[in-house]
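Please work through the exercises below with the sequence and the model at hand. Each task is followed by a worked solution.

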Amino acid sequence: MRRQIPLMLVLVLGIFFFIQFFVPSRLSTNIYQVSLQWLILISAFAIVLAIGSLVNHHLLKIKRRREHWPYSYATLAGLVVMSLLGILGRFPGLGLLDEIYYRLYLFVQAPMDAAMFAILAFYMASASYRAFRARSKEALLLLVSGFFIMLGVIPLGALIWDRIPDIAEWIMMVPNMAAKRGILFGVGLGITATSLKIILGIERSWLGGGGK
Amino acid sequence: MIFSTNPWVWVAAILTLCIFSFLYRENPFYRFAEHLFVGVSAGYGVAVYFNNAIMPNLYVPVFVHHDYLFIIPGLIGMMFFFRFSSKLGFLILIPLAMLLGMSSGMGIAPTIQADIIRQMQSTIGDATSAGQGGWALVWGIVTFIGVIATLSYFFFSREQKGALKVSANIGIWFIMIGFGASFGNTVMARISLLIGRVQFLLTDWIHIIK
Amino acid sequence: MKILEKMSSIDRRVIFLLVALAVIIPLVANIGLPSRPGKYTIEMYGFIDRLPAKSQPLLIDATYSPSMMPELQPMLKAILRHCFARKVRVMLMTLDPNGPALCEAALREVAPEYNAVYGEDYVFLGFKPGSSAVIMAIGENVRQAFPADNYGKPLSEFPMMADVRNYADIPLVVSIAGSAITQGWVIYAGTRYHASVGAGCTAVSTADYYPFLQSGQLVGLLNGMKGASEYEWLNQRNGYSTARREAGKGMDAVSIVHLLLMLFIVLGNIGYLAGRRAAQKQ
Amino acid sequence: MRSITVIGLILLGSAAALTQPMPAAPADPAPPPVQPPGLVTAMDTPNDAGNSISVDWRPSPDEAQGLVEGYVVYRSESAEAPESLWTRVGYVPYGLNQSRDQSVPENGMDFFYRVRVVSRLGASAVSQASNPARSSEQWYNSMRTNALIASLLFVAIVVYFITMAQKGQHLFVRRIAGLSAVEEAVGRATEMGRPILFVPGLSSISDVATIAALNILGQVAKKTAEYDTPLLVPNRDPVVYTVAQEVVKEAYSEIGRPDAYNHDSVFYLTDSQMGFASGVDGIMTRERPATNFFMGMFWAESLILAETGAATGAIQIAGTDAIHQLPFFITACDYTLIGEELYAASAYLARDPKLLGTLKGQDWSKALIVLLLVAGLALSLINPGVRGFILNILTVG
């Protein structure tokens with residue numbers, strides 16, 4: 001029973017929404033519209049569990065004095081302050097809280113977000129330096145095509161030889177596109193097959209346990 | 001060198017440097033920034049979920065418009081909370097089944113449309129565009145061969161021997177050239193992001209760049 | 001020989017330091033390399049340039065977080081400048097929870113330059129979670145996804161929104177995004193609802209969208225900071241904007257870092273090949 | 001060269017747009033008249049939910065001179081209705097000579113349409129009424145027949161192979177390099193006494209790549225349960241977090257080690273992409289896992305994770321169908337499952353006949369696609385007429 005009901009639900013909903021795609025009638029589209037809103041709402045509740053996990057993880061760390069435990073206070077403080085300001089700030093008369101929330105976002109969260117992203121520039125350099133070596137035929141192809149594109153993107157490439165941007169675009173448009181399309185066919189089939197497996201109840205990992 | 005007098009800018013600058021310090025090695029400054037980042041962004045996420053999913057899709061329809069239909073997904077969503085119950089723990093499978101059933105069902109036909117049928121159309125169409133002739137036709141055919149070869153690399157039912165091996169190898173060449181190209185093309189994007197940070201540090205924090 | 005072999009094992013931190021210098025120096029010292037618009041930038045620019053003034057609004061989805069601002073924010077601003085200068089109406093929305101603050105920052109900066117009026121020349125719809133679900137919801141009705149604008153005012157109160165129901169009434173959707181959501185726009189808004197879709201993406205995903213450009217599913221594409229810099233250039237050339245070209249300046253730093261990286265790759269390979277030869281000799 | 005010409009054209013175009021006079025103020029004395037649009041045709045919008053009628057018209061002859069600003073569409077219940085009974089139902093700018101009225105009040109009732117042209121100078125002229133048209137809803141979208149056939153064909157192929165598999169027929173699947181490394185990687189972590197990190201992607205549960213990742217997680221968790229190796233599973237999506245926890249718990253009890261399951265090993269970090277990346281980076285440098293798995297959907301953080309992992313000396317196995325992140329995993333990881341290999345992985349690892357059957361179905365669908373592509377190409381090259389036909393049936397609606 002415990003697994004039959006969810007499996008039935010998946011089967012029925014899966015088939016229904018597969019068919020719905022082909023039925024343009026009013027009833028069908030209305031159901032579709034409402035379902036989209038339901039999807040958003042249902043998944044929103046899981047955030048409570050997730051935050052529970054985060055809080056629990058850090059409280060435990062502090063309680064047991066595990067390595068680096070004092071840092072957990074930073075996480076907990078950030079979580080409590082940000083969520084309260086964000087929710088309470090919307091209520092009338094509490095605009096000041098909303099203003100603080102906005103500031104914290106702009107000057108605490110956003111800069112760290114951007115800095116983390118910027119680290120990628122350095123990692124691109126170290127990764128390409130390490131991996132772009134002519135170790136094999138395949139690696140050589142990776143290296144040469146990467147090199148040409150880097151040269152082709154910048155205005156400087158055209159100054160060295162005016163055909164370089166064209167070669168770069170050729171690489172992007174011909175071999176690159178062929179590879180992407182080939183991969184995309186496979187991915188499309190993989191996605192469809194997995195969706196089908198979920199609907200038919202063959203793919204049950206989400207029930208917990210691999211396939212029982 | 002003139003420093004900003006805005007304390008918020010200082011906070012942002014110091015946190016930026018804390019994150020960058022990770023490039024040298026993991027250290028207490030990074031550790032602090034990382035923990036704060038996780039907490040603050042998780043809190044922001046909570047507020048966003050509340051203000052943009054719960055309020056407009058549950059509170060407003062039910063309590064303002066009295067559309068009680070929306071209580072149902074609300075109740076289904078709340079079943080997630082039974083996770084810690086030993087007896088009713090299985091109830092979380094209901095919202096999961098709803099999410100998976102709907103999204104799998106909605107996904108199949110559009111995926112077939114976009115990833116298979118339309119790709120077939122453009123693969124054939126590009127290789128045979130009328131009136132192109134010359135190099136365009138050659139490259140069209142090369143692309144076509146590349147697509148077939150790449151696809152053959154993902155054929156799992158046979159050992160890669162004989163013709164399939166040749167074809168799969170050609171496929172791998174195309175894949176490698178494609179990946180090299182993507183990598184090279186990404187460098188610019190990543191540098192752009194670093195530029196943004198450097199501009200912030202040198203413009204807003206230390207007023208060097210005007 | 002030893003020196004050559006060492007080239008293949010330069011410490012990460014040395015590379016990091018050189019990259020940092022290569023970015024900082026061009027920003028502090030003005031270099032000013034030339035720009036040359038690519039064809040997809042021109043196609044995008046041309047499409048918006050042909051839209052009639054004061055008619056149905058185009059829809060811009062700015063879905064990115066602050067970390068992608070340097071690449072994508074100049075794009076958003078350049079397109080807004082183009083639209084406001086030509087009195088093309090704009091609906092702005094975002095599918096990223098971090099988006100609203102960024103959209104507002106762009107609007108606060110650009111709108112006053114052209115005296116663009118809120119509710120008449122542009123509307124800010126705000127953020128909605130659900131990514132592709134939202135795109136599909138707009139296909140049914142904009143009000144389905146956004147009953148009210150970002151500030152809680154019902155869309156029905158805006159005269160410019162009176163005739164806007166769904167994609168059939170939107171001449172162009174511009175997806176400025178740092179994620180695969182552009183694909184969502186192409187597949188759902190484009191394939192499912194026949195909307196014209198243009199995109200501005202981070203340079204990382206450009207390669208992904210060439211198939212869509214070829215198959216006509218995208219009307220144009222702005223490629224990262226380069227695309228933004230080219231759009232800024234076209235705006236300035238046609239007298240739509242006199243603002244500082246932020247992305248243009250960044251492109252100089254991009255050029256220098258590219259050269260540095262290529263140098264590293266060459267050094268690494270010389271070192272690798274030298275090391276291999278030494279190993280063969282033994 | 002070509003691009004420069006195009007710029008030139010655009011410059012001319014926009015200059016023309018700038019010099020064109022703005023629509024005149026209403027106080028102006030009578031602007032030069034404009035000719036009305038020609039024949040207006042109305043018909044039920046096909047393949048829709050009803051309450052919609054499509055209207056098209058011959059453009060006003062003045063449009064060619066660039067005098068037209070746009071067209072306003074009106075609807076009425078009678079062709080001879082007085083001016084006040086025509087309801088405005090839409091506006092389209094010049095260049096578009098069709099409109100879709102999506103606010104038809106009733107299906108199955110006759111409505112008439114008129115189109116008013118508005119000139120740039122403020123004049124306007126209205127057309128004759130259209131033919132009567134009734135809106136209706138359809139129960140089948142005929143534009144999507146190709147997708148229906150393709151979907152059903154695919155389902156049939158897959159179901160056929162699943163049935164074959166269930167009948168006990170042996171199904172061969174070739175070795176996939178990245179997956180053979182899984183066992184070795186778990187063993188290595190055990191030897192070194194270090195944990196294993198598994199990131200099930202950053203997307204939601206409705207992303208199919210996430211399901212594939214959770215499937216692999218189940219297999220990996222069984223191995224860590226067997227060897228008693230600590231497992232770390234950080235999550236970004238709340239729902240995925242919930243499922244991942246169930247998957248790991250179940251894997252441990254299946255191996256008969258429910259006691260070894262640590263409730264804290266599957267945990268949630270944050271919803272923010274980069275916040276998540278910074279957290280995982282911290283975990284990688286502090287806990288020093290011997291093996292990192294990055295499976296599922298990834299975005300720009302892919303290289304941040306993989307490069308940090310490489311610097312800590314971990315063995316890294318990645319798998320994603322995010323085409324634009326594959327190059328980074330390929331350069332920074334030891335093994336990478338490319339695209340469909342991620343989906344094949346669960347079948348390969350689990351050796352479940354039903355899953356292998358699905359994989360077979362995918363394979364033969366691929367063969368069919370290749371066959372159709374080659375046939376389509378050959379026929380198109382022989383006869384351009386056939387090309388048009390082929391492209392037409394492959395048009396999606």
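The model is predicted: local features need pLDDT of at least 70, side-chain atom pairs count only at pLDDT 80 or more, and totals for chains, interfaces and linings use all residues. Residues are numbered from 1 along each chain as its sequence is written, while chains are lettered from A in the order in which they are written.

**Exercise 1.** Identify the residues with the most contacts inside the largest nonpolar core.

Solution. A nonpolar core is a set of buried Ala, Val, Leu, Ile, Met, Phe, Trp, Tyr and Cys residues joined through C-beta atoms within 7 Å; buried means 20 or more other C-beta atoms within 10 Å of the residue's own, placed from the backbone. The largest such core has 341 residues, and A:Leu120, D:Leu217 and D:Ala345 have the most contacts inside it. Helix H5 of chain A (residues 95-131; a DSSP run of H or I, at least four residues) gives the most to this core, with 21 residues.

**Exercise 2.** State which residues A:Leu120 touches, beyond four places in sequence.

Solution. Contact requires C-beta atoms within 7 Å. From chain B, the partners are B:Arg190 and B:Leu193; from chain D, they are D:Ala300, D:Leu303 and D:Ile304.

**Exercise 3.** Describe the contact between chains A and B.

Solution. Chain A supplies 98 residues and chain B 95 residues. On the side of chain A, H9(A) gives the most, with 20 residues.

**Exercise 4.** How far apart are the C-alpha centres of domains 1 and 3 of chain D?

Solution. The domain assignment, automatic or from a database, places domain 1 at 31-139 and domain 3 at 171-351. Their C-alpha centres lie 58 Å apart.

Terms used:
Buried ≥ 20, exposed ≤ 12 C-beta atoms within 10 Å, placed from the backbone. Helix = DSSP H or I, 4+ residues; strand = E, 2+ residues; numbered from the N terminus. Contact = placed C-beta atoms within 7 Å.
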